[in-house]
Amino acid sequence: RTSLVIVAEGALDRNLNPIKPDYIKDILSTRLGYDTRVTILGHVQRGGAPAHFDRFLGTMQGAEAIEAILRATPDTPSPVIGMLENKITTQPLKEAIELTGQVAQAIEAKDFSRAMALRSVSFAKQLTSYKEIANFNPDSKMKLPEDKRLRIAILHAGAPAGGMNTATRSAVRLCINRGHTPLGVHNGFPGLMRGEISELDWLSVDGWTIAGGSKLGTNRDQPTPQLGAVAYQLQKHNVQALMVIGGFEAFTAVLDLARNRSQYPAFNIPMVLVPATVSNNVPGTEFSLGSDTASNVIVRSTDMIKQSASSNRRRVFVIEVQGGNCGFLAVMAGLSGGSTTVYTPEEGVDLTRLQRDITHLRTRYIKELGRSEGRVTLCNENASKIYSTEMIAKIYEAESGGFYGARTSVLGHLQQGGTPSPLDRCRANTMAVDSINWLQSRCWEAMEVPNEDNIRLPSDQLKRKYLPQVYSSSPDTAAVIGVLGSEVRFTPIKDLVAHTDFGRRVPRTIWWGASRQLVDILSGVGVDIENGGCTTEYKTCAIDLTADDLMRLYGQHRRLSKLNAN
């Protein structure tokens, strides 16, 4: 087995003495007898091609920096464009620098709790969860009393997505350290119907952090045809809480279980859906596990295809990406990959749009004759029922006037594989830990037995003491965990029905609209490059924070309503 110890270059002990890698090596070698090596990454960490999220963040920050300059007055404080709690923000530069300096001052004064308080809420939260799941603690103080320990089942549903296994590993190890029993349901809901359930231990999920796909096995099958079999297996294995990790199929599955609680008592347990789909089309969250990994696959593929197009000097590639009826992948990867334009189901494709894009391409290739860069266009797989990826490429070439050629590339299921990105791993860990905490608290609430000795109930209703140990029919105990604005939030799944387009399998709200407009603006579509002017309007999405806001956020660790706005 291989164990890793990561040491920050500025690490200090409680007495402010530096902690160096060689010191850690000596302890591991001499005291524990481990064969230990030291590797210093150094400036390797500063190189390489930027990841998707770095490109996206840099692009959005650059656009908002220009917006901040254009609306500034002589009295406007110098701003810094950043990201706080998943929101692009403008902050007063002077106060931001002062707060940064306070971190070093707190460390120098050995006030480490203050130093942590000056970091973001998400940083402290991730550090706490990491400490809880990093090491096996059989005698840990986290162990719960016997009557508080639960049997929690974990199931994958839908298509595979990066981060599924990472979330499962975090949930399993947190359960074990607290004394709960984690149960792995293999092969989705069909596996649950067949009773393919096994107890997971610490080593059974070893190495799952970097594993793509689904180690438990996943498919798109729904529980609806055999709800009785599902209920039987849940009752047989005494499942007291259920965590489902998956996409839109998982969403509809959990919704069906919640809707049939009156018919099947075994469904009256807390259930949570952890969104995991490359399409990012699950209601109740702005980001799903796997969407960042898929975006990175698209961006890397776009980079390589663009090299081919650049070498030819006169070539355009139309690249088809996944996403179902949600254009999130096309827009995000198009923005960070430098796409000329993107075609999405939300906008559709028509001849007017194609004529505009062809006019732009011809104009650019005429002006750049012999020195043109390679160009790519991203097309969602369901952007149009008529204008397919192949047809768009043929129209491009037929109307090119001989100034460029067009080719196609379909990325297909490459987007569902690969090692999960660091961002998806972090989100998976956060969502898994929060989900276990939520299931745990809801189960404990559902275990409470009221005094019903003097209460007469209808003949078809049992008193609570005759029901299973964990039993709750409350709609609030079936929820979706999601990243919404600045916080991780649990939304009852019944409340999301009104916000869901079930026919198209997408949420009704599109929060990434501003990013879509930037794709065209940055590629010059609708922009008069020589004379200035633009037919595409960019709507700023940055949230302006004041000095008082920063003090409330960091000095008092209070949530800001500005950041919670969706």
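The lining of the largest cavity consists of 6 nonpolar, 3 polar and 2 charged residues (nonpolar: Ala, Val, Leu, Ile, Met, Phe, Trp, Tyr, Cys and Pro; charged: Asp, Glu, Lys and Arg; polar: the others, Gly among them). The structure is a predicted model, in which local features need pLDDT of at least 70 and side-chain atom pairs count only at pLDDT 80 or more, while totals for chains, interfaces and linings use all residues. Residues are numbered from 1 along each chain as its sequence is written, and side-chain values use heavy atoms, with hydrogens and water left out.

The volume of the largest cavity is about 70 Å³, and 2 cavities of 30 Å³ or more are found in the whole structure. On a 1 Å grid over the protein atoms alone, a cavity is a set of points where a 1.4 Å probe fits but cannot get out, whereas a pocket is an open set with protein on both sides within 12 Å along at least five of seven lines; lining residues have an atom within 4 Å of a point. Grid points are joined across faces, edges and corners, and a volume is the space filled by probe spheres set on the points. Among the residues lining the largest cavity are His52, Phe53, Phe56, Asp292 and Arg427. At least two lining residues come from each of H2, H10, helix H11 (328-337) and helix H14 (422-446), where helices (H or I, at least four residues) and strands (E, at least two) are DSSP runs numbered from the N terminus.

The second largest pocket holds about 920 Å³ of space. Its lining comprises 39 residues, with Glu286, Thr509, Ile510, Trp511 and Trp512 nearest the centre. Elements giving two or more residues to this lining include helix H2 (52-71), strand E13 (487-492) and helix H15 (513-523). By class, the lining of the second largest pocket contains 21 nonpolar, 11 polar and 7 charged residues.

Isoleucine 66 also belongs to helix H2. Its relative accessible area of 48% makes isoleucine 66 partly exposed (buried, under 20%; exposed, over 50%; partly exposed, in between; 1.4 Å probe, protein chains only).

Positive phi values occur in two arginines. Arginine 313, with phi near 75°, lies in the loop between helix H10 (291-312) and strand E8 (315-321) and is partly exposed at 40% relative accessibility. Arginine 505 has a phi of about 60°; this residue is located in the loop between strand E14 (500-501) and E15, and is partly exposed at 32%.
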